[in-house]
Amino acid sequence: MNRRLAVFLLHAALVIGAAITLAPLAWMIGASLMKTGEANTIPPPFWPARPTLVHYIELFTRLDLARHFLASALITTVATVVSVAVNGLAGYAFAKLPFTGRDRLFGGLMLSLVVPAQVGMLPLFLLLRELGFVNTYVGVMIPYFASIFGMFLVRQYALGVPDDLLDAARVDGASETRIFLTVVLPILKPILVTLATFTFLSAWNDFMWPLIVLSDSARYTLPVALANLVGEHVQDTELMMAGAVLTVIPALLVFLVFQRSYVRGILAGSVKG
Amino acid sequence: MSARGARIERRKARAAWLFLAPALGLIGLFFVLPVAAGLLLSLTDFDIYAIGAPDTARFVGLKNYAATLTSSLFWQALRNTLYFVLVGGPLSVVVSLGAALLLHARAVRLRSLFRTIYFAPVVTTLVAVAIVWRYLYHPRYGFLNHALGWFGLGPIDWLGDPMWAMPGIILLAVWKNFGYNMLIFVAGLGSIPEELYEAASIDGASAWQRFRNVTLPGLAPVFLFVGVTTMIGYFQLFAEPYVMTQGGPLRSTTSVVLLMYEEGFRWWRMGIASTMAVLLLVITLAGALLQLGLRRGERA
């Protein structure tokens, strides 16, 4: 085949693939800007004749979506900060601080990655109920705090921290905590950003666990509120699309800003399996 | 070892336990303990009365397992889930590989732009895009049927027809997920030595033969990883049917996890729900071991 034709076909395939990939998201944005009922006409329009923000305004006034947005933001932020601290410390310890049985412990944790979260979900709910955390934001956050995948991510990266550097600090009389804070943390910063991005996205996008823990609809996170809203407003296509845009945009923005870190995490996770 | 060396080793071990304490405490209390309790819970008749007074729950042996394994609804949910895993999983992997091959081609311009676009659905909120697709699938006003009309196809009552509802959910899942494995395949393709391709070309291998005899074997470990992780994830199908079909029509999209959720958190039959979760674990493990075994068999 002619080389230039091949290059053209390659790019044609890439462009068609990109169009199909973006179409649902573009339609979501387009429909969110249509006037009520416009999406339900024949032929279905892809873009509004005259864009309007009326559905966004309704979401924030009559439907009080800001409350759910803030709930999601709060849960996600706290979960991310705690996860970075907890898994950062643990990942470093697994990489650089030897003790008896360390590798067996780490191997056991890695094996448990195949256990579906659902097996522990019912007892975890009962446990949190005993502790008084059901229907609270703390109850929603708890499963994100410690992550076996997060520890793995940090450990793999921390293996590359030079031992000489740590030993030099020890000779200088620094405590292990001080070494972690002043020597190790700056080196681990890139992988901690990766970990933060992962935690943020999984906490922001999560559905099943907040659905189970939160019973009071005023406390719902954004995805749960959205799933609830579609029950009452299934005919209001344009309103629902505005809600979907508001839910998806923060996740997309975080991804676009921290894309490199996020991709590094995916690849680090796949190297050893 | 000198006395000083031994002291430093002890100090490191002490610091290790200190640094690990929060993570291990959280995982022990909120993961290991609940999973172990889940196994026990599946052997009890824990129900809505037991939530108020846990001591009324009784040990019933394997009764829940007998009940679940003779329930036609559970078998239907398992069939639906296997349909999703066995059709949706391979389809996702093939699309991921196709996209990766396109991106990996040497002549590609704007590679990182295309990569970002293909990856975007992965980071979107599943519930939100499931709602978007629910409208795209609308039999009358949905954009998908409109687009199919351009080719003289359809209209299809995507989510209203028991035959089409699961394919509809699979299409959404492929669209949402293919970017993830695509990135892993791109990295895998990059790690295949260029010399292998050159040697194959010198031997007169066609493009297809190079793909078949160099690319695919070179990607074998990637396929194993992608196969196992995709399968584990797909067995946990929940939010898509919850939002798009509520498990219908005629239970054709009720997955094992959706059924478990209904039993456990709608009817509060926690013993039965735990049984389903444990069965899901067993099936997932069997699937993972099967893939590992197949791979080992191929290599031998």
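The radius of gyration used here is taken over C-alpha atoms, and the globule rule is 2.2 Å times the number of residues to the power 0.38. Keep in mind that this is a predicted model.

**Exercise 1.** Work out how the radius of gyration of chain B stands against that of a compact globule of 300 residues.

*Solution.* Start with the rule: a compact globule of 300 residues would come out near 19 Å. Now take the chain itself: chain B has 25 Å. Next, look at the extent, where the C-alpha trace of chain B spans about 80 × 75 × 40 Å along its principal axes. Then check the domains: chain B splits into domain 1 (3-41) and domain 2 (63-299). The centres of these two domains of chain B, taken over C-alpha atoms, are 35 Å apart.

**Exercise 2.** Describe the fold of chain B: which secondary structure elements does it have, and what share of its residues is buried?

*Solution.* Count the elements first: chain B has 14 helices and 0 strands. Burial comes next, and 41% of the 300 residues in chain B are buried. Finally, consider contacts in chain B with a separation of 6 or more: 67% of them join residues 24 or more positions apart.

**Exercise 3.** Characterise the side of chain A that touches chain B: how do its residues divide into nonpolar, polar and charged?

*Solution.* Begin with the tally: 70 residues of chain A are in contact with 74 residues of chain B. Helix α1 (residues 3-32) of chain A gives the most to chain A's side, with 13 residues. Now sort that side of chain A by type, and you get 55 nonpolar, 13 polar and 2 charged residues.

Definitions and conventions:
Residues numbered from 1 in each chain as written. Chains lettered and ligands numbered in written order. Predicted model: local features only at pLDDT ≥ 70, side-chain atom pairs only at ≥ 80, totals over all residues. Domains from an automatic or database assignment. Helix = DSSP H or I, 4+ residues; strand = E, 2+ residues; numbered from the N terminus. Buried ≥ 20, exposed ≤ 12 C-beta atoms within 10 Å, placed from the backbone. Contact = placed C-beta atoms within 7 Å. Nonpolar A, V, L, I, M, F, W, Y, C, P; charged D, E, K, R; others polar.
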